[in-house]
Amino acid sequence: MIEKSLVLIKPDGVQRGLISEIIGRFERVGLKLVAIKMVHPTHDDVEKHYTLTDEWMLGVYTKAKAKYESVGEKFPFTDHQAYGKSIKEGLVNFLKSSPVVAMVWEGETAVSLIRKMVGNTEPASATPGTIRGDLSHDSYALSNTQNRPIRNLVHASGNVKEAEHEIGIWFTDTELYKYEHVNDRVQYDPDWFLSK
Ligand code: TYD
C-alpha cells in the first residue's frame, strides 16, 4: 500500500547541520518527497502536533520506565500524567525554539519503513544504521536529569491514521505535490523492465 508519512527534522537536527544527511537517507531508500518546508513552529502548531491524551502520557511514561528497568534502575517518576505533561511542555518549548524542516515522504509502506529508519525513541538505545542511532546518543537518563525532552533529531508518524492527521497540521492540500518520479516506475511498475 502506498502511504504518506510526516517527518519533522527537529531543532537539534537543523542546528547540527544534519538536514541533508537525513533527507538523503529517505531519498536513497527510494521514497518520494511530496512536500517540504522550513517552519519556525508556533506554540499552537506544536500543541496540535503532540496531543496530550491519557494514552499519550501513559505511552511516554511506560516507554521510559521500561528502559530504566531494563538496566536495573528505578524509574524516578510515579505519576504518568505528571511525567507526560512535563514531556509535552518541554517538547513545545523545544520545537518552537528554532526552525524545523517539515516533510511528507511517500512510498510503499512508507510509515513503517520510515519508523524503522528513524529508530528507537532514545538515541542511546537506537541501533546503528538508524538515524537516531547513527547521528545522536542522547538518553532518558541524561534528559530527565536535565529536566528536558530527549533530543532525538526527528519526528516520524507512528501509523497511517496519525500520518493523515499530522500532515493536515503542517501542510495544506496544495502544498502536497502529485508528480511522476522515476522510482514510481523503477520500483513499482511491473512492466518497467519488460517495456524497455
Ligand atoms: P514518542 O511518541 O513516545 O516517541 P517517538 O518520537 O519515537 O514516536 O514520544 C514523543 C517525543 O517525546 C519523543 O520523540 C521524545 C520525547 N520523549 C521524551 O522527551 N522523554 C521520554 O521519556 C519519552 C518516552 C519521549
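**Close-up 1. Helices α4 and α5 cross.** The axes of helix α4 (residues 54-70) and helix α5 (residues 80-95) come within 8 Å and cross at roughly 95 degrees; axes are lines fitted to C-alpha atoms, for helices over the stretch in contact, and angles run from 0 to 180 degrees between N-to-C directions. The two helices are therefore roughly perpendicular to each other (angles of 65 to 115 degrees; under 35 counts as roughly parallel, over 145 as roughly antiparallel and the rest as oblique). On α4, look for D54, W56, M57, L58, V60, Y61 and A64, which meet H80, Q81, Y83, G84, K85, I87, K88 and L91 of α5; contact means heavy atoms within 4.5 Å. Helices (H or I, at least four residues) and strands (E, at least two) are DSSP runs, numbered from the N terminus.

This is a predicted model, in which local features need pLDDT of at least 70 and side-chain atom pairs count only at pLDDT 80 or more, while totals for chains, interfaces and linings use all residues. Residues are numbered from 1 along each chain as its sequence is written, and side-chain values use heavy atoms, with hydrogens and water left out.

**Close-up 2. The buried side of helix α6.** In α6 (residues 110-118), the buried residues are A110, V111, L113, I114, M117 and V118 (under 20% relative accessible area; exposed is over 50% and partly exposed in between, with a 1.4 Å probe and protein chains only). They cover an arc of only 165 degrees around the axis, so they lie on the same side of α6; the arc is that of the directions from the helix axis to the C-beta atoms. Their cover includes β1 (2-9), α2 (19-28), β3 (100-108), α7 (131-135), β4 (154-156) and α9 (160-170). After α6 comes G119, with a positive phi near 90 degrees.

**Close-up 3. The largest nonpolar core and W170.** This core has 26 residues, and L6, L95, V104, W170 and F171 have the most contacts inside it. A nonpolar core is a set of buried Ala, Val, Leu, Ile, Met, Phe, Trp, Tyr and Cys residues joined through side-chain atoms within 4.5 Å. Helix α5 gives the most to this core, with six residues. Neighbours within four places in sequence aside, W170 is in contact with L6, L8, K37, V39, P41, D45, H49, A102 and E175.

**Close-up 4. T130 in its loop.** T130 sits in the loop between α6 and α7, and T130 is buried, with a relative accessible area of 7%. Leaving aside neighbours within four places in sequence, T130 is in contact with R25, K116, M117, V118 and G119.
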